[in-house]
Amino acid sequence: MPGTPARTADAVTATEVVCLGESMVTFLPSQPGRLADVPSFGRGIGGAESNVACALAAAGHRAAWVSRVGADGFGDHLIEAIAGYGVDTSTVRRDPARPTGIYFRTATDRAADVHEVAYYRAGSAASAMSPDNVPYEALFAGHVLHLSGITAALSADCLALLHDLTAPRPARPLISFDVNHRPGLWRDADAAPEVLLDLARRSDLVFVGEDEAEEAWGVKGAEAIRAALPEPDVLVVKRGSDGAMVFSNVGEADVVTTVPALRVDVVAPVGAGDAFAAGFLSATLRGLPVRDRVRHGHLMAAAVLTVPGDLTDPPARAHADSLAALDDASWGRLRLGPGWTGDDQEVRTT
């Protein structure tokens, strides 16, 4: 299938996915409301790429996270927490001169008008990543290298790093790129659309939402997005409640696969995009058909949507496989709520 990494003789012990990007200590509100009104916060971890690494490791894959953190307590917490999911953090570098980034957020959906995020990441250790100070041997050690547009927004050095990593080179891993357009992170917001489009075109597997493609590039609809991004072998267009559409380059023509979204009783609308990418990558590594890759993406996203935080244990592989294998009518009747991933939980249908 297109987008499936080649297997080698040492695949049993090799890293499968390497994720590069900034992770921050996240302060989660104890109650809904404006940041000004929230009385206290709980501590968590947040970072698009480390979220993907944690989800993949929890699903049984050999995942590594490459980044930089400060030589501070927050950096200690990030490394320990991410390693606790089974992620290889051995090549994360400590920066004695720059701090670990942190942020505070409200409990509402990122897309909601009342959502607030207060970032304290300017000058962070991760923003100093560059082609000169990250371990390329670790980045290219896996079958897949997962990147996102968030890293490109952090600094000119970070952008130079992503530009170099997405350059054509012999035997490079499959480059997975989540556009992750975050306008508020860019110092030069006018440059963001062109930068993100260029990085996506240089990648092999691209994840992008219809909403962010329209905001960034002014293109509307999955077909128009594919016309703007003809180069990637696999383009995954996320369509919210309408599911996802995948364009797979087979020879000179695309195979188009459309998979409806699941109905989910949402507890907290955060982390779903990263979980979807992890589920899709997990099924890709296993060589599953495109339809099942998307379904595993939906299932892993549903696992996160039905818990308060950005991360959770995914459903057991056998459980997820049985749901992904349902016929279309049965898939359409699924409704997932809190606790659905447990072995003793029944999945509801409507």
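Helices (H or I, at least four residues) and strands (E, at least two) are DSSP runs, numbered from the N terminus. In this predicted model, local features need pLDDT of at least 70 and side-chain atom pairs count only at pLDDT 80 or more, while totals for chains, interfaces and linings use all residues. Residues are numbered from 1 along each chain as its sequence is written, and side-chain values use heavy atoms, with hydrogens and water left out.

Val 219 is a place to begin. The loop between α7 (210-217) and α8 (222-228) contains Val 219. With a relative accessibility of 17%, Val 219 counts as buried; buried means under 20% relative accessible area, exposed over 50%, and partly exposed in between (1.4 Å probe, protein chains only). Leaving aside residues up to four places away in sequence, Val 219 touches Ala 213, Glu 214, Ala 224, Ile 225 and Ala 228, where contact means heavy atoms within 4.5 Å.

The next element is a sheet. Three strands make up an open sheet in the order β15-β16-β17, with mixed pairing; two strands pair if DSSP finds at least two bridges between them. At the edges stand β15 (263-264) and β17 (348-349), each with a single partner strand, so one side of each has no neighbour in the sheet. β15 and β16 (residues 334-336) run parallel and are joined by two bridges. Val 264 has Leu 336 in β16 as its bridge partner.

Aromatic rings come next. The structure holds nine aromatic pairs. Rings of Phe, Tyr and Trp (its six-membered ring) pair if their centres lie within 6.5 Å; planes under 30 degrees apart count as stacked, over 60 as edge-to-face and the rest as tilted. Tyr 103 and Tyr 119 form a tilted pair, 5.2 Å centre to centre with 40° between the planes. Because Tyr 103 lies in strand β7 (residues 102-105) and Tyr 119 in strand β8 (residues 117-120), this pair ties together parts that are 16 residues apart in sequence. Tyr 103 is buried at 9% relative accessible area, whereas Tyr 119 is partly exposed at 35%. Ring pairs also link Phe 27, Phe 41, Phe 74, Phe 104 and Tyr 120 into a cluster.

Cysteines remain. A search of the whole structure finds zero disulfides, a disulfide being a pair of cysteine sulfur atoms within 2.5 Å. The sulfur of Cys 19 has its closest cysteine sulfur in Cys 54, 8.8 Å away, which is too far for a bond. For Cys 158 the closest cysteine sulfur is in Cys 19, at 16 Å, also too far for a bond.
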